[in-house]
Every structure is written in C-alpha cells, then in structure tokens.
Amino acid sequence: MEYLTIKWLHILSATLMFGTGFGTAFYMFATNRSGNVQAIAVVTRWVARADWWFTTPSVIIQPLSGFWMIHLAGYPLASRWIMWSLALYALAGACWLPVVWLQLKMRDMAARAAAAGEALPARYWRYEKWWTALGFPAFGGLLVVYWLMVNKPA
C-alpha cells in the first residue's frame with residue numbers, strides 16, 4: 001500500500017476517533033444535565049455502541065497506520081514529535097479505557113432506572129464526575145497529537 005493511501009486511512013480514522021469521541025461526549029454530557037432518566041438511558045446506550053463501532057477500530061488503526069507511515073517516510077522513531085505523539089496517545093488511551101468501563105456501568109444503571117421509573121442512583125453521578133474529568137486530558141492530549149502530526153516540529 002502506498003504512503004498517500006495509508007495517510008488517508010490515518011486521517012480518516014483520526015477524524016472518526018476524535019469526532020465520535022467529542023460528539024458522543026457532548027451529547028452524553030448535555031443529556032446528563034437534563035436529568036431526564038429516559039433520555040439518559042437512550043443516549044448512554046448509543047454512546048457505548050458508538051465507542052465500540054467507531055472509536056475502538058480507530059484507536060487500533062491509528063498506531064498501525066502511524067507506524068507504517070513513519071516507516072515508509074523514513075522518520076526516525078526517536079524523533080521528538082513522534083515520542084510526544086506516542087506519549088500523549090498513551091495518555092489519551094489511559095483515560096479512555098476507564099471511560100469505556102464507566103460508560104458501560106452508567107448505561108446499565110440508566111437502563112435499570114428508566115425501566116423501573118426511578119431516579120438515577122448516586123453512584124451514577126459519581127461515575128459521571130470521573131467520566132467528565134477523564135475526558136479533558138484525553139481530548140487535550142489528542143489535540144496536541146493532531147498538532148504534532150500536522151507540524152512535525154524538529
């Protein structure tokens with residue numbers, strides 16, 4: 001496969017990863033603020049699905065296509081921008097994995113509360129605080145990775 005094809009795949013998967021992540025986070029955050037248990041149950045279900053359908057494959061494609069492009073372009077793996085990109089990508093991943101677990105737990109709690117016609121348990125809101133807090137370093141780190149990929153500073 002040639003470099004431009006891999007680059008296209010890399011950009012497309014980065015767009016899906018960041019776009020899906022940011023979009024679903026926005027809707028889950030906003031729906032949580034509504035307090036509508038039925039809406040929260042629906043949105044958390046779809047956010048969990050979107051993470052598995054779009055974000056997970058992109059998370060896998062990103063490093064594979066990135067390393068392939070590094071190899072084809074002849075960039076030294078020890079380049080400062082590559083090392084920072086990898087470190088920040090790892091930070092985003094370290095935040096994302098617990099977020100996925102939290103989303104699944106929140107989805108299940110919301111589904112149970114909606115089915116029973118009850119309020120969300122206090123644990124849901126504790127998880128929501130952690131979910132929100134972990135999103136900031138993940139998205140911030142990925143923004144810097146985007147900048148590094150585009151600019152490739154010396």
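Thr31 is buried, at a relative accessible area of 12%; buried means under 20% relative accessible area, exposed over 50%, and partly exposed in between, with a 1.4 Å probe and protein chains only. Thr31 sits in helix H1, where helices (H or I, at least four residues) and strands (E, at least two) are DSSP runs numbered from the N terminus. Leaving aside residues up to four places away in sequence, Thr31 touches Ala39, Ile40 and Val43; contact means heavy atoms within 4.5 Å.

This is a predicted model, in which local features need pLDDT of at least 70 and side-chain atom pairs count only at pLDDT 80 or more, while totals for chains, interfaces and linings use all residues. Residues are numbered from 1 along each chain as its sequence is written, and side-chain values use heavy atoms, with hydrogens and water left out.

**Overall layout**

The protein has 4 helices and 0 strands, and its elements run α-α-α-α from the N terminus on. Along the principal axes, the C-alpha atoms fill a box of roughly 60 × 25 × 20 Å. Of the 154 residues, 40% count as buried. Among contacts with a separation of 6 or more, 79% come from residues 24 or more positions apart.

**Packing of H1 and H4**

Two packed helices are described by the angle between their axes and the distance between the axes. Helix H1 (residues 3–34) packs with helix H4 (residues 122–151) at an angle of about 150°, and their axes are 11 Å apart. Axes here are lines fitted to C-alpha atoms, for helices over the stretch in contact, and angles run from 0 to 180 degrees between N-to-C directions. H1 is therefore roughly antiparallel to H4; angles under 35 degrees count as roughly parallel, over 145 as roughly antiparallel, 65 to 115 as roughly perpendicular and the rest as oblique.

The crossing of H1 past H4 is left-handed, a term used if the near helix is turned anticlockwise from the far one by less than a right angle (right-handed if clockwise). On the H1 side the contact includes His10, Ala14, Phe18, Phe22, Met28 and Arg33. On the H4 side the residues include Tyr124, Trp125, Glu128, Phe139 and Tyr146. The residues of this contact divide into 15 nonpolar, 5 polar and 2 charged. Ala, Val, Leu, Ile, Met, Phe, Trp, Tyr, Cys and Pro count as nonpolar, Asp, Glu, Lys and Arg as charged, and the others, Gly among them, as polar.

Phe18, in helix H1, counts as buried at 18% relative accessibility. Not counting residues up to four places away in sequence, Phe18 touches Phe139, Leu142, Leu143 and Tyr146. Phe18 and Thr55 lie 37 residues apart in sequence and 7.9 Å apart in space, C-alpha to C-alpha.

**Salt bridges**

Side chains of opposite charge can pair when their charged atoms come close. The structure holds 2 salt bridges, each defined as a side-chain nitrogen of Lys or Arg within 4 Å of a carboxyl oxygen of Asp or Glu.

| Pair | N to O distance |
|---|---|
| Arg33 and Glu128 | 2.8 Å |
| Asp108 and Arg107 | 2.9 Å |

The pair of Arg33 in helix H1 and Glu128 in helix H4 links distant parts of the chain, 95 residues apart. Arg33 is partly exposed, at a relative accessible area of 44%, whereas Glu128 is buried at 5%. In the other pair, Asp108 is partly exposed at 28%, and Arg107 is partly exposed at 27%.
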